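Subject: Handover of a structure

Dear colleague,

Please find below the structure that I am handing over to you. My notes on what was found in it follow.

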Amino acid sequence: MATATGDDQPKLKLYSYWRSSCSFRVRIALNLKGLHYDYEAVNLVKGEQRNPGLFFSLYSTTFIQSIY
């Protein structure tokens, strides 16, 4: 969930893989809109998107460019 920050913008967390072209476009869009976000790397080579940890519990379809 997004939480309010000091400047009344929602706090976003982007789960992403650095080589993903979709994630790259999402980062561009967030920066163009001036939205602040925390970047959380997900390594697809290691299969972290299928790990039953935090990421999987948030977004069970295992697609990467997720914003929570």
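Ile28 is located in helix 1; helices (H or I, at least four residues) and strands (E, at least two) are DSSP runs, numbered from the N terminus. Please note that this is a predicted model, in which local features need pLDDT of at least 70 and side-chain atom pairs count only at pLDDT 80 or more, while totals for chains, interfaces and linings use all residues. Residues are numbered from 1 along each chain as its sequence is written, and side-chain values use heavy atoms, with hydrogens and water left out.

Ile28 counts as partly exposed because its relative accessible area is 37%; buried means under 20%, exposed over 50%, and partly exposed in between (1.4 Å probe, protein chains only). Together with Phe24 and Leu32, Ile28 forms a nonpolar patch on the surface, with about 330 Å² of accessible area in total. Patches are made of residues with over 30% relative accessible area and no salt bridge, where like charges are joined within 9 Å and nonpolar side chains (Val, Leu, Ile, Met, Phe, Trp, Tyr) within 5 Å. A salt bridge is a side-chain nitrogen of Lys or Arg within 4 Å of a carboxyl oxygen of Asp or Glu. Accessible areas come from the Shrake-Rupley method with a 1.4 Å probe; for residues, only the protein chains shown count as cover.

Ser23 also lies in helix 1, which covers residues 21-33. Ser23 is buried, because its relative accessibility is 0%. The side chains of Ser23 and Ser16 make a polar contact at 3.0 Å (a pair of N or O atoms within 3.5 Å, one able to donate a hydrogen and the other to accept it; residues adjacent in sequence count only if both atoms are side-chain atoms).

**A loop residue**

Val45 sits in the loop between strand 3 (37-41) and helix 2 (54-58). With a relative accessibility of 70%, Val45 is exposed. The C-alpha atoms of Val45 and Tyr17 are 9.5 Å apart, although 28 residues separate the two along the chain.

**The chain as a whole**

The protein chain contains two helices and four strands, in the order β-β-α-β-α-β along the sequence. Of its 68 residues, 21% are buried. The accessible surface of the chain is about 4900 Å², and carbon and sulfur atoms contribute 58% of that area.

The mean pLDDT (the predictor's confidence in each residue, from 0 to 100) is 75 for the chain, and 59% of the residues score at least 70. Confidence is highest in helix 1, at a mean of 92, and lowest in strand 1 (residues 3-4), at 45.

Yours sincerely
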